[in-house]
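Here is a report on one protein chain.

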Amino acid sequence: MADRMPMSRKGYEKLRGELHHLEEVEMPAITEKVANARAEGDLKENAEYHGSRETQGMIQAKINLLKSKLGKAYIVDPSSIDTSKVGFFATVTVRDVDMDEEEVYSLVGSGEEDFMNNKILVDSPMAQQLIGKKVGDVVAIPAPKGTYELEVLKIEYNFEKE
């Protein structure tokens, strides 16, 4: 994983909000559940205790992940982007050369990814191959079943007010 993680202001604030909710709401609630289950006595066969401890561990892992992402984050200034090439914030229309099918992908930062709506992380392998390309360029994308080629048909930028 890269040392620095590009993000939009919106994505950064979303992750900060999620971290705050986990630390201030979820973690205190599960800590209380663990304490209550522990007070019931024998912990060997106390399923509520073991389940609560497992949940507590998962919440802590999520908190650690969010802190790591936020620690590596840098907010990308939309005005610094060359809009003639594919880059962060771009919505790219590509054509699969072999299948002659078009797809549209938006390159987003952490916290904004939505794979069902083709919003892919700017540091994903596909996005990394597309960055810097211009309309008409063909790029080879490595995949588990072999390489496929995408032709860049259109590049759009729609900067939201930050």
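## The β6-β7 hairpin

In this predicted model, β6 and β7 form a hairpin with 6 residues between the strands. Gly146 lies in the turn and has a positive phi of about 115°. The two strands run antiparallel, joined by 4 bridges. β6 covers residues 138-141, and β7 covers residues 148-157. Val138 has Glu151 of β7 as its bridge partner.

In a regular strand, side chains alternate between the two faces of the sheet.

The open sheet has 5 strands, in the order β5-β4-β3-β7-β6. Their pairing is mixed. β5 (119-121) and β6 stand at the edges with a single partner strand each, so one side of each has no neighbour in the sheet. From one strand to the next, the twist averages 45°.

The parallel pair is β4 with β5, joined by 3 bridges. β4 spans residues 101-108. Here Val108 has Leu121 of β5 as its bridge partner.

## Strand β3

β3 pairs with β7 in the antiparallel sense, over 7 bridges. Arg95 stands opposite Glu151 in β7. β3 also runs antiparallel to β4, with 6 bridges joining them. In that pairing, Val92 stands opposite Tyr105. The hairpin of β3 and β4 has 4 residues between the strands, and Asp100 takes a positive phi near 55°.

How many residues of β3 are buried? The count is 5 of the 7, so the strand is largely enclosed by the rest of the structure.

Nonpolar side chains tend to be buried together in soluble globular proteins. The largest nonpolar core here holds 21 residues. Val86, Val92, Leu107, Met126 and Leu130 touch the most other members. The elements giving two or more residues to this core are β3 (90-96), β4, α3 (125-130), β6 and β7. β7 gives the most, with 4 residues.

Which residues does Val92 touch, leaving out those up to four places away in sequence? They are Val86, Glu103, Val104, Tyr105, Leu107, Val152 and Lys154. A second, separate core has 11 residues, including Met5, Leu22, Ile63 and Leu66.

## Gln56 in helix α2

Helix α2 covers residues 47-72 and contains Gln56. Is Gln56 buried or exposed? Its relative accessibility is 16%. The cut-off for burial is under 20%, so Gln56 counts as buried. Setting aside neighbours within four places in sequence, Gln56 is in contact with Met27, Ile30, Thr31 and Val34.

## Aromatic rings

The model has 1 aromatic pair. The ring centres of Phe88 and Phe89 are 4.3 Å apart, with the planes at 40°, so the pair is tilted. Phe88 is buried, with a relative accessible area of 8%. Phe89 is buried too, at 16%.

Tyr74 has a charge over its ring. The charged end of Arg4 sits there, 3.9 Å from the ring centre.

Methods
Residues are numbered from 1 along each chain as its sequence is written. This is a predicted model: local features need pLDDT of at least 70, side-chain atom pairs count only at pLDDT 80 or more; totals for chains, interfaces and linings use all residues. Side-chain values use heavy atoms; hydrogens and water are left out. Buried means under 20% relative accessible area, exposed over 50%, partly exposed in between (1.4 Å probe, protein chains only). Two strands pair if DSSP finds at least two bridges between them. Rings of Phe, Tyr and Trp (its six-membered ring) pair if their centres lie within 6.5 Å; planes under 30 degrees apart count as stacked, over 60 as edge-to-face and the rest as tilted. A charge sits over a ring if NZ of Lys or CZ of Arg is within 6 Å of the ring centre and within 35 degrees of the ring normal. Axes are lines fitted to C-alpha atoms, for helices over the stretch in contact, and angles run from 0 to 180 degrees between N-to-C directions. A nonpolar core is a set of buried Ala, Val, Leu, Ile, Met, Phe, Trp, Tyr and Cys residues joined through side-chain atoms within 4.5 Å. Contact means heavy atoms within 4.5 Å.
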